Amino acid sequence: MNAYDKNAAGVVIPDAQLLADEAEWSSFGDTVHYVDPPKIFRHGEGSWMIDTAGTRFLDLQMWYSAVNFGYGNKRLNDTLKNQIDVLPQVASQYLHQTRIELAKTIAVDAQQKFGLKGRVHFNVGGAQAVEDSLKLVRNYKNGKSLMFAFEGGYHGRTLGASSITSSYRYRRRFGHFGERAMFIPFPYPFRRPKGMTPEEYSDACVRQFARLFETEYNGVWDPKVNQAEYAAFYVEPIQGTGGYVIPPMNFFKDLKKVLDQYGILMVVDEIQMGFWRTGKLWSIEHFGVTPDVIVFGKALTNGLNPLSGLWAREEMINPTIFPPGSTHSTFNSNPLGTSLGLEVIKMGYELDYETNVAKKGAHFLEGLKDLQKRHKEIGDVDGLGLALRAEICTDDGFTPNKALLDKMVDIGLAGDLEHNGKKIGLVLDVGGWYKNVITFAPSLDITHEEIDLAIALLDQLLTKAKKAM
């Protein structure tokens, strides 16, 4: 046992007992049982997680991009501690300073970038903010409840969010979803049709979508009244759970032209890619389009306290059209979360994450490309800022190889890699349409030395996994 094993009451419970109690008393339905046995960690610092034996694990997924600023970030931890002593909680029907400051900060930033006045609305989790956005859109569009979303898209697992998430797996056991989205092809450059450039593939996807509006018989448009059956298109600028798929840079500009032509709102899901993951506050900034709604969460508080929200154009969210009580959550603008969110945004601009993340991302991507030259099983690498991907394939460099990646994850979590004569582990996240993609979301404060170590450990991990197959 090490110094990090005690809980807040000073009680030490061994791993074996914890796992036995977990097996008997905990639901397995809340997405923690991806490995057998589940891994128990005791401490986190910077880019590292530490287990009961004291083995250090380099974390390259940072809680699905929720802990963008590292474990134990002193500036953010101190913000949380200070707020506890000032105003730890207050009912959401009342106001407090950091709620108003944070809303203004996000709204003013959006107005400067997109040229539109808007307002900010808070909740506690990403899926809950998606739910609020669905209500906002339905209200603005006079009750229209049908949405477009992408194949490969993920927006959460509440009932409403599941209806616009493309995977049937999340809906299968919960009855019929009558208002399920129409799922549109997303340009996936690595798996594009033969003979097409990525840009040509992007154009083809937009043309296929635009065809839905050609005549009334294409299914979604009434030309007699110039009205669409669908209210909004939910997009992730970079697909998250779908495998950090980055579309060609022309895609969203071309898509937005079609949406604007037919009065379809663009709702941008920044829950995983927001707060400088890609080198911009919002990943949609890379693509040169103006969203109607932005949904955010995760890294807003560095994972320290639940807070999420949305920004929307003034005409959609002003108090006349979206009055008090339109949605509500007891904890929706809690002062612990809003104080952290305000500090995250201040810190991001003060420390120039836009420049630093771009540099670190380029360094990481260069390392992945070098690794790809040494392992033909890496079919594709790509990245934008510190949102990076490596697609694991068979030795033909294309056929998805989920089994090999599963083995890599298991070996990484076993903590049996070696560095400087010591055991070391690696925390990876699995994503992608075929569950064969490593989705890299390291701390934005990861050092260049840690990036080099990550590449060396991945090289070692791939070699071990291939031998074990």
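This is a predicted model: local features need pLDDT of at least 70, side-chain atom pairs count only at pLDDT 80 or more; totals for chains, interfaces and linings use all residues.
Me: Thanks! How many helices and strands does the protein have, and what is its radius of gyration?
Reply: The protein has 13 helices and 18 strands. For 469 residues the globule rule gives 23 Å, and the protein comes close to that value, so it is as compact as a globular protein of that length. Its own radius of gyration is 23 Å.

Me: What share of the residues counts as buried?
Reply: A residue is buried when its relative accessible area is under 20%. Applied to the 469 residues of the protein, that cut-off gives a buried share of 53%.

Me: Let's turn to a helix pair. At what angle do the axes of helix 12 and helix 13 cross, and with which handedness?
Reply: Helix 12 spans residues 402-414 and helix 13 spans residues 448-468, and their axes come within 9 Å. The axes cross at roughly 120°. As for handedness, the crossing is right-handed.

Me: Which residue class supplies seven residues to that contact?
Reply: On the helix 12 side, the residues include Leu 404, Met 408 and Ile 411, while helix 13 brings Leu 461, Leu 462 and Ala 465, among others. Lys 407 of helix 12 and Lys 464 and Lys 466 of helix 13 also take part. By class there are one polar and three charged residues, and the class with seven is nonpolar.

Me: Is Thr 79 buried or exposed, and which residues does it touch beyond its sequence neighbours?
Reply: Thr 79 sits in helix 3, residues 74-86. Its relative accessibility is 13%, and the cut-off for burial is under 20%, so Thr 79 is buried. Leaving aside neighbours within four places in sequence, its contacts are Ser 339, Leu 340 and Glu 343.

Me: Where is there a cis peptide bond?
Reply: Look in the loop between helix 1 (15-25) and strand 1 (41-45), where Pro 37 is found. Omega is about 0° for the bond in question. The two residues it joins are Asp 36 and Pro 37.

Me: What is the relative accessible area of Phe 275, a residue with positive phi?
Reply: Phe 275 lies in the loop between strand 10 (265-269) and strand 11 (293-296). Its phi is about 65°, although Phe 275 is not a glycine. Phe 275 is buried, with a relative accessible area of 0%.

Conventions:
Residues are numbered from 1 along each chain as its sequence is written. Side-chain values use heavy atoms; hydrogens and water are left out. Axes are lines fitted to C-alpha atoms, for helices over the stretch in contact, and angles run from 0 to 180 degrees between N-to-C directions. Helices (H or I, at least four residues) and strands (E, at least two) are DSSP runs, numbered from the N terminus. A crossing is left-handed if the near helix is turned anticlockwise from the far one by less than a right angle, and right-handed if clockwise. Contact means heavy atoms within 4.5 Å. Ala, Val, Leu, Ile, Met, Phe, Trp, Tyr, Cys and Pro count as nonpolar, Asp, Glu, Lys and Arg as charged, and the others, Gly among them, as polar. The radius of gyration is taken over C-alpha atoms; the globule rule is 2.2 Å times the number of residues to the power 0.38. Buried means under 20% relative accessible area, exposed over 50%, partly exposed in between (1.4 Å probe, protein chains only).
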